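Hi,

Here is the structure I said I would pass on.

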Amino acid sequence: MCVIIVYGIPDKTSNKTIKVLLNKLIESIHGISELGLKEKLIPCHFPQDLIPRDASSEITILVVGLFDHPMTRTVEVRERLAISLESKVRELFPLSKLIQCQINYFDPRSGFAYSSKEE
């Protein structure tokens, strides 16, 4: 399980572009089989910034809560994920001065709970 949070999306970004971005981010996750993540387990959030953002603003992608699996989610796998996510965002926001991606993982034994409702 993990959560993707993208900060700094330009203010005038359309809902259509956000949906395209969402699909591209999920494609990136699915493109790395070692992660073993399924689409319904990947919440993506695009919080609005209190500071006005234009097309050249910095964008930060955070992947938080990625469970630590030393045998499959190696440093190399996490690096591939970061590069893939950054490039997908760059495709849609080519004027951004800076796009960075940070992958933060944790051991779920340190405290984790969730619930889901089957549909």
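By salt bridge I mean a side-chain nitrogen of Lys or Arg within 4 Å of a carboxyl oxygen of Asp or Glu. Glu 91 sits in helix H2 and Lys 24 in helix H1 (residues 15-30), so this pair ties together parts that are 67 residues apart in sequence. Helices (H or I, at least four residues) and strands (E, at least two) are DSSP runs, numbered from the N terminus.

Before I go on: this is a predicted model, so local features need pLDDT of at least 70 and side-chain atom pairs count only at pLDDT 80 or more, while totals for chains, interfaces and linings use all residues. Residues are numbered from 1 along each chain as its sequence is written, and side-chain values use heavy atoms, with hydrogens and water left out.

Back to that pair. Lys 24 counts as buried at 19% relative accessibility, whereas Glu 91 is partly exposed at 47%. (Buried is under 20% relative accessible area, exposed is over 50%, and partly exposed is in between, using a 1.4 Å probe and protein chains only.)

The count of salt bridges comes to seven. Another of them joins Glu 34 to Arg 80, with 3.0 Å between the closest N and O atoms. That one links distant parts of the chain, 46 residues apart: Glu 34 is in the loop between H1 and E2, and Arg 80 is in helix H2. Both are partly exposed, Glu 34 at 31% and Arg 80 at 38%.

Then there is Glu 58 with Lys 97, where the closest N and O atoms are 3.9 Å apart. Glu 58 lies in the loop between E2 and E3 and Lys 97 in the loop between H2 and E4, so parts 39 residues apart in sequence are tied together. These two also belong to a network of salt bridges with Asp 49 and Arg 53.

Now the sheet: it is open, with four strands in the order E2-E1-E3-E4 and mixed pairing. (Two strands pair if DSSP finds at least two bridges between them.) Strands E2 (44-45) and E4 (99-106) are the edges, each pairing on one side only. E1 (residues 3-7) and E3 (residues 59-67) run antiparallel, joined by five bridges; Val 6, for instance, has Ile 61 as its bridge partner in E3.

Cheers
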